[in-house]
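Biologist: Hi! Could you walk me through this one while I have it on screen?

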Amino acid sequence: MKDTYILGIESSCDETSCSIVKNGREEIATVISSQIDIHKNYGGVVPEIASREHVKNITIVIEECLKRANMKIDLVDAIAITYGPGLIGSLLIGLEAAKTLSFIYNKPLVPVHHIAGHIYANSLEKEMKFPLLALVVSGGHTELVLMKDHYKFEKLGGTLDDAIGEAYDKVARVIGLEYPGGPKIDELAKEGSPTYQLPIPLNDDSYNFSFSGLKSAVINLNHKLTQRGEKINKADLATSFQTVAISSIINKTKKAIINYNIKNLIVAGGVAANNGLRNEINNLGKELNIDITIPKMKYCTDNATMIAAAGYYAYKMGRVADLSLNSKSSDKLH
Ligand code: KG4
Ligand code: ZN
């Protein structure tokens with residue numbers, strides 16, 4: 001059978017990325033230009049700056065990717081693009097580049113939902129087997145999604161307020177860690193003990209999550225201790241927060257696995273890079289005797305490899321768009 005090569009482009013937040021993936025499973029080349037060093041001066045992503053950086057980087061990143069793949073664009077079968085959700089100005093830069101390539105080289109344009117991209121990062125590890133449960137944990141999403149087949153997404157539950165990554169970043173900022181705080185808390189948590197008492201979020205029968213109460217509890221505790229002039233043990237606070245946040249995710253995931261008789265669990269999104277979560281998910285897999293897939297670290301945070309992988313399955317299903325395709329800052333996973 002003829003091989004299918006998808007060129008993916010991702011620019012939804014602060015990474016400009018291009019990748020070429022063969023048959024949805026094999027990475028040929030990927031280039032990621034990260035803007036973290038610029039945004040960390042402001043404690044978070046500044047949308048206007050992000051857009052300008054994408055404009056500067058997009059053509060360089062695409063050219064470099066083709067060079068590393070040692071491929072001419074004529075050999076690519078389709079162009080996959082993150083159309084949303086994300087920062088609208090950032091999304092538009094990638095979309096215009098993708099449309100231009102699609103038009104000039106006469107290649108089908110395949111729209112990819114950013115979270116579908118995170119989910120399909122798992123197909124770079126092994127073939128996705130259905131039905132499966134996807135635990136989506138990123139900067140903007142925390143969801144449990146049941147998939148009975150490719151692109152059949154059934155949301156079982158999600159966060160009622162903050163996403164898990166958002167809570168990580170806010171807690172990190174309060175305790176004086178640099179943006180993005182998630183990986184910094186993860187590192188600190190390795191050194192501490194869960195000595196601070198924090199409330200367990202939304203300990204109910206639903207598949208929903210809530211992290212804003214936990215986040216506020218950490219902020220209030222930090223404030224109270226500072227006012228009293230007491231020294232805060234940052235490592236212990238990081239461990240206390242991480243322990244409660246992860247146990248909430250694990251409890252709900254476990255419930256869904258049992259109730260839906262799940263045999264395959266995949267993890268998706270930037271927070272899938274969290275060492276504490278990776279350990280607990282692997283333990284859960286052993287406890288329940290189910291198959292676990294977690295993307296490699298480099299495929300957890302934003303990258304175009306996952307977009308090209310997701311784009312392959314979308315392309316095979318005929319999910320192509322014309323040049324009227326527009327970016328969307330928010331959109332339901334479909
Ligand atoms: O998926 P992603 O790259 O962007 C979105 O689509 O949102 O996720 C970014 C989020 C940020 O909140 C970042 O702090 C978090 O993922 N993150 C982590 C870790 N690495 C990235 N959170 C906890 N532990 C980590 N190791
Ligand atoms: Zn993402």
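Modeller: Happy to; we can start at the metal and the ligand and then look at some backbone details. Keep in mind that this is a predicted model.

Biologist: Which residues are the protein donors of the zinc ion (ligand 2)?

Modeller: They are His114 and His118, each through NE2, and Asp302 through OD. These donors lie 2.0 to 2.1 Å from the zinc ion.

Biologist: How are the donor residues spaced in sequence?

Modeller: The pattern is H-x3-H-x183-D. His118 belongs to helix α4 (residues 114-120), while Asp302 is in the loop between α10 (297-300) and α11 (304-316), so this pair ties together parts that are 184 residues apart in sequence.

Biologist: Is His118 buried or exposed?

Modeller: His118 is buried, with a relative accessible area of 2%. Asp302 counts as buried too, at 15% relative accessibility, because the cut-off for buried is under 20%.

Biologist: Nice. On to ligand 1: how many residues surround it, and which are the closest?

Modeller: There are 18 residues around ligand 1, and the closest are His118, Gly139, Asp169, Gly270 and Asn274. His118 is also one of the zinc donors.

Biologist: Which helices each supply at least two residues of that shell?

Modeller: α4, α5 (164-174) and α6 (181-189) do.

Biologist: And what lies close to the oxygen atoms of ligand 1?

Modeller: A polar backbone atom of Gly139 is 2.8 Å from an oxygen atom of ligand 1, and one of Gly182 is 3.2 Å from an oxygen atom of the ligand. Asp302 comes up again here: an N or O atom in its side chain is 3.1 Å from an oxygen atom of ligand 1. The protein covers 88% of the 560 Å² of accessible area that ligand 1 has on its own.

Biologist: What kind of space does ligand 1 take?

Modeller: The space it takes is the largest pocket.

Biologist: Changing topic: where is Asn122, and what does its side chain reach?

Modeller: Asn122 is in the loop between α4 and β6 (132-137). Its side chain reaches the backbone oxygen of Ile119 at 2.9 Å, and Asn122 counts as buried at 0% relative accessibility.

Biologist: Which peptide bonds are cis?

Modeller: Two to look at are Phe130 to Pro131 and Tyr179 to Pro180. Omega is near -5 degrees for the bond into Pro131, and near -5 degrees for the bond into Pro180. Pro131 is in the loop between α4 and β6, and Pro180 is in the loop between α5 and α6.

Biologist: Which residues have a positive phi without being glycine?

Modeller: Leu202, at about 35 degrees, and Asn261, at about 50 degrees, are among them. I picked them out because most residues other than glycine have a negative phi. Leu202 is in the loop between α6 and α7 (212-227) and is partly exposed at 27%. Asn261 is in the loop between α8 (234-259) and β9 (264-268) and counts as exposed, at 54% relative accessibility.

Definitions and conventions:
Residues are numbered from 1 along each chain as its sequence is written. Chains are lettered from A and ligands numbered from 1 in the order in which they are written. This is a predicted model: local features need pLDDT of at least 70, side-chain atom pairs count only at pLDDT 80 or more; totals for chains, interfaces and linings use all residues. Side-chain values use heavy atoms; hydrogens and water are left out. Donors are N, O and S atoms within 2.8 Å of the metal (3.2 Å for Na, K and Ca); water is not among the atoms, so sites may look incomplete. Helices (H or I, at least four residues) and strands (E, at least two) are DSSP runs, numbered from the N terminus. Buried means under 20% relative accessible area, exposed over 50%, partly exposed in between (1.4 Å probe, protein chains only). A residue is near a molecule or strand if one of its heavy atoms lies within 4 Å of it. A polar contact is a pair of N or O atoms within 3.5 Å; within protein, one must be able to donate a hydrogen and the other to accept it, and residues adjacent in sequence count only if both atoms are side-chain atoms. Accessible areas come from the Shrake-Rupley method with a 1.4 Å probe; for residues, only the protein chains shown count as cover. On a 1 Å grid over the protein atoms alone, a cavity is a set of points where a 1.4 Å probe fits but cannot get out, and a pocket is an open set with protein on both sides within 12 Å along at least five of seven lines; lining residues have an atom within 4 Å of a point. A molecule sits in a cavity or pocket if more than half of its atoms lie within 2 Å of its grid points.
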